[in-house]
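Let's walk through two regions of this protein together, one question at a time. Please have a look at the model first.

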Amino acid sequence: MSILTLSPAWRALEAHHEIMRQQSLCNLFAQDTQRFNKFSLQFNNILLDYSKHPINTQTVDLLLSLARQQDLSNAITRMFQGDKVNDTEDRAALHSALRQENSVTVDGFNVMPNIKKVLAKMDQFVTAVQQGKLRGYSGQPFTDVVNIGIGGSNLGPAMVTEALKSYRSHHSLATHFISDIDSTHLSEILQKLNPETTLFIIASKTFTTQETMINARAVQDWFLTHGGTTKDTKNHFIAVSSNPVEAEKFGIHSDNLFEFWDWVGGRYSLWSAIGLPIALAIGMSNFYLLLAGARAMDQHFTTTPLAENLPVMLGLIGIWQINFFGAQSHAILPYDPALRNLPAYLQQLEMESNGKRTDRNGNEVDYMTGAVIWGGQGISSQHSFYQLLHQGTQTISADFLMSCKSHHPANKNHKLLSLAHYFAQTEAMMRGDNGDQKNTQLTTKSSIKQVTESSLKATSPHKIIPGNRPTTSILFKQLDPKTLGALIALYEHKVFVQSVIWNINPFDQWGVELGKKLAGIILTELEESAPVTSHDASTNGLMNYFKLNQ
């Protein structure tokens, strides 16, 4: 067994779990009328309610003891002060510096002047584009921006741009995101665009990512065959990269290169120049508010006692569910349609960060490090997969997110109905139904055919909903840039909290790198005409079938 699972704090939680797993959520609420007040936290306009979990005050105390045992407070300090917490790559993890105002040092060097320099360059560029001072090669103002990236260079900007679409101004550009290397997806976007009025952003940390560079070259070819010239690319192609040499080899002019750094992981990079499509969509003033919201959550995370700290408690409740109740799956369920892309974004953030099987000391772990993250927009999903959440055989924890105020007051009734479902679903997950109430309703409403006692008895087992499903509710005043920034930072820090408890590195992704390496080898073999024999029988067979049928 590992040091963690043999530790006093872990063993105490295991013993406590034996008691709490026999408790029902309904009984816990019946026993304590102050339960909501005890197990909810508020930060600015964000309310976090974790009272619908099988916990009591002893549970929270034991979870906090685990956090202290794992030296969480010191780990938070080390990350924010620029220590090399990404030890397998010998790097700091300073995405938080991208939204800070004070000095932050990496290897004895204050990184803030460079961060401010890039922000100023973004500000100047976005203002010039939106005011029509920077134009396409024919002299027309830009109308569209296409972001070409994958993973963190795509998911973050796409999610935020969609979430804050209510903050677009009249001179905002229409934004498009290309990440899939399927030529159909590429063609569908390009056929809608005018090369004279389209701006392309190639977002790649290394500027060697295969998928991104294949798409970038395809877009460049399209531009050159639809009226643009090599000279004109200076007006239309922008690069965001930590590798200026490769960007310039591609043909990006140095004036159009926006830098970011190796201490920024891709899935944590939307706060950097990777967020350029966000700024072009909502303006730099709103982009600064996004940063301010995240900065406020950073300050809360670093200064607030653990028991009152939103990211800490969100992370610890996840530990409780994953490691003690065995929840292997966790759903993200936004009821605000603007957050429809949040599940996919958090899927990468959490699973790429904490999907590890060895601890920081290189020892294989004997405990789960993360759950499968998935989800969908709440109202639509109720008519999709909620049936399994309510009556399936496995327990799935879930986060429900919703805003109190709509950006479209005319749709007040729609908003109230969405809120009604939002509140109802977490209550239904908790309470369940023993079937009696539904049988009564069925008897009352059955006007066409009399429902006999025997038919009721036969159908009632199918209508029993066990309840006792754990949910967390996150409710906020309105989805504005500051609130969204704080929400994203909340989840970033939740991931870090859990990584500290599990003693793993959340900032590397060697599994992803293996896939890229093998793809490079296979790509060469696919380009050759000879049958493939160098892999396992399945891979050989699949590749050879493709060669015969392409």
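What follows is a short exchange about a strand and a surface patch.

This is a predicted model, in which local features need pLDDT of at least 70, side-chain atom pairs count only at pLDDT 80 or more, and totals for chains, interfaces and linings use all residues. Residues are numbered from 1 along each chain as its sequence is written, and side-chain values use heavy atoms, with hydrogens and water left out.

Reader: Is strand β8 (residues 237–241) largely enclosed or open?

Author: Strands here are DSSP runs of E with at least two residues, and helices are runs of H or I with at least four, numbered from the N terminus. Buried means under 20% relative accessible area, exposed over 50%, and partly exposed in between (1.4 Å probe, protein chains only). In β8, 5 of the 5 residues are buried, so the strand is largely enclosed.

Reader: Which residue in β9 is the bridge partner of Ala-239?

Author: Two strands pair if DSSP finds at least two bridges between them. β8 and strand β9 (residues 257–259) are parallel, with 3 bridges. In β9, its bridge partner is Leu-257.

Reader: Is Ile-521 buried, partly exposed or exposed?

Author: Ile-521 belongs to helix α23 (residues 510–527). With Leu-514 and Leu-518, Ile-521 forms a nonpolar patch on the surface. Its relative accessible area is 42%, so Ile-521 is partly exposed.

Key. Patches are made of residues with over 30% relative accessible area and no salt bridge: like charges are joined within 9 Å, nonpolar side chains (Val, Leu, Ile, Met, Phe, Trp, Tyr) within 5 Å. Accessible areas come from the Shrake-Rupley method with a 1.4 Å probe; for residues, only the protein chains shown count as cover. A salt bridge is a side-chain nitrogen of Lys or Arg within 4 Å of a carboxyl oxygen of Asp or Glu.
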